[in-house]
Amino acid sequence: MNKKKNIITFAAFLILMVGLGANDAMRGIFSTIFSAHFQLSTAQLSQIVTVSYIGNLVFLAVGGFGVDILGRRKAMLLYTFLWSAAMLLFATTDSYLLLLVGMFFAMGTSTLLNTNMNLITTGMFAVAPGFFVNFLFFIQGIGTSGSQSIIGNWATDISSWHTVAWGLLAIGAVAMVLFVLFPMPEVQEHKTEGKVSPKEIMSCPAFLSLVLIIGLYFIAEHGIMNWLVSYATNALEVPMGQAANFTAVFFGCVMVGRLVLSSLVDKLGIYRCLRLFATSAAVLYTAGVLLGAPGLWLLAVSGLLFSILYPTFVMLIPRYWPSHAASSASGLVLSVASLADILFNAVFGSLVDAIGYRTSFLIMPACMVGCTALLWLFFAKAKKLERCD
């Protein structure tokens with residue numbers, strides 16, 4: 001019976017992941033349409049992204065503790081409901097202010113759902129958890145890459161935005177029905193040690209290093225999702241449809257990589273995989289940006305190397321806290337790391353207006369290089385820090 005519950009729960013996760021993948025890509029796809037429809041400057045456009053990551057910060061900061069209080073099933077239902085409510089807001093309103101409100105809830109709950117599904121999946125499948133976690137993200141990649149390619153070439157005005165939102169609302173509704181009809185299996189966690197406070201989590205020596213590494217990674221990867229279309233069209237004079245295709249190829253490579261390469265996490269181990277793929281991704285990413293328009297293909301193909309980084313980062317975090325604190329620690333690390341996204345996007349639009357896209361965009365490969373350098377330094381002492389009980 002527990003095996004059947006696991007399969008149904010995982011199927012609900014897969015359905016929801018398709019919607020979350022498309023949801024995460026929507027800001028980048030519709031950036032030029034938002035600019036035209038609401039008559040936004042680049043700085044105002046960056047506010048949409050900034051508010052999204054403030055949502056990430058808030059929901060990740062409290063979401064892990066919400067799981068501890070409500071239990072996984074009720075928490076997943078609540079977070080999916082809030083995400084669906086944001087889709088309903090997008091589908092039925094035409095206001096820049098309400099767009100910002102919706103982005104706060106949509107992106108905050110999306111990241112929180114993503115993280116919790118990752119942790120639940122790891123607990124449900126003791127055999128080859130790396131494969132199942134990366135398969136989840138492979139399905140998310142179908143939503144991201146498919147939406148970048150299909151919607152990016154189809155969307156023409158704000159009515160397209162409303163149509164997409166209705167479709168995502170339907171996906172959220174299906175997931176909620178499955179969560180209600182089929183009780184989610186309980187993932188065994190050791191609660192005997194009691195609750196942990198944010199102060200206790202942050203006192204672990206690994207906390208600051210993980211926040212810095214993942215924060216720099218967020219800027220690098222999310223920069224592709226949020227800004228590549230606008231960068232390619234405005235700075236490199238690439239047509240919007242073609243620019244969207246480059247983004248689609250990037251996330252298509254992420255999608256394929258998570259399916260094909262996920263077994264390496266279990267075979268080689270987390271440390272070796274992260275070092276190998278982060279270093280390779282930094283080299284290809286940097287070359288792609290420095291070469292300008294001809295390098296967009298290199299940038300797009302680097303998605304294959306990015307593919308297993310985030311899921312593996314999320315698997316890495318619980319190694320440094322006791323098992324009963326895994327959800328809270330993961331949420332807090334990721335929420336504080338998302339401050340990097342907030343700060344970056346708060347200034348990026350104004351920076352573009354001041355010095356142009358070409359120079360401003362160099363920040364992103366620089367962050368990926370910084371992430372990789374810190375990762376190597378951290379791993380030199382990482383095993384000594386495991387399990388901060």
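1. Helix H10 (residues 240–260) is the largest contributor to the nonpolar patch, giving three residues; helices here are DSSP runs of H or I with at least four residues, numbered from the N terminus. The patch lies on the surface and is formed by Phe 131, Val 256, Leu 259, Val 260 and Leu 304, which together have about 370 Å² of accessible area (Shrake-Rupley method, 1.4 Å probe, with only the protein chains shown counting as cover for residues). Val 256, which lies in helix H10, is partly exposed at 40% relative accessible area (buried is under 20%, exposed over 50%, partly exposed in between).

2. This is a predicted model, in which local features need pLDDT of at least 70 and side-chain atom pairs count only at pLDDT 80 or more, while totals for chains, interfaces and linings use all residues. Residues are numbered from 1 along each chain as its sequence is written, and side-chain values use heavy atoms, with hydrogens and water left out.

3. Ser 52, placed in helix H3 (residues 42–70), counts as buried because its relative accessibility is 0%. Leaving aside residues up to four places away in sequence, Ser 52 touches Arg 27, Met 103, Met 107 and Gly 108 (contact means heavy atoms within 4.5 Å).

4. The whole structure contains zero disulfides (cysteine sulfur atoms paired within 2.5 Å). For Cys 253, the closest cysteine sulfur, in Cys 273, is 18 Å away and therefore too far for a bond. Cys 253 is buried at 17% relative accessible area, and Cys 204 is buried at 5%.

Methods
Helix = DSSP H or I, 4+ residues; strand = E, 2+ residues; numbered from the N terminus. Buried < 20%, exposed > 50% of the residue type's maximum accessible area, 1.4 Å probe, protein only. Patch = residues over 30% accessible without salt bridge, like charges linked within 9 Å, V, L, I, M, F, W, Y side chains within 5 Å. Salt bridge = Lys/Arg side-chain N within 4 Å of Asp/Glu carboxyl O.
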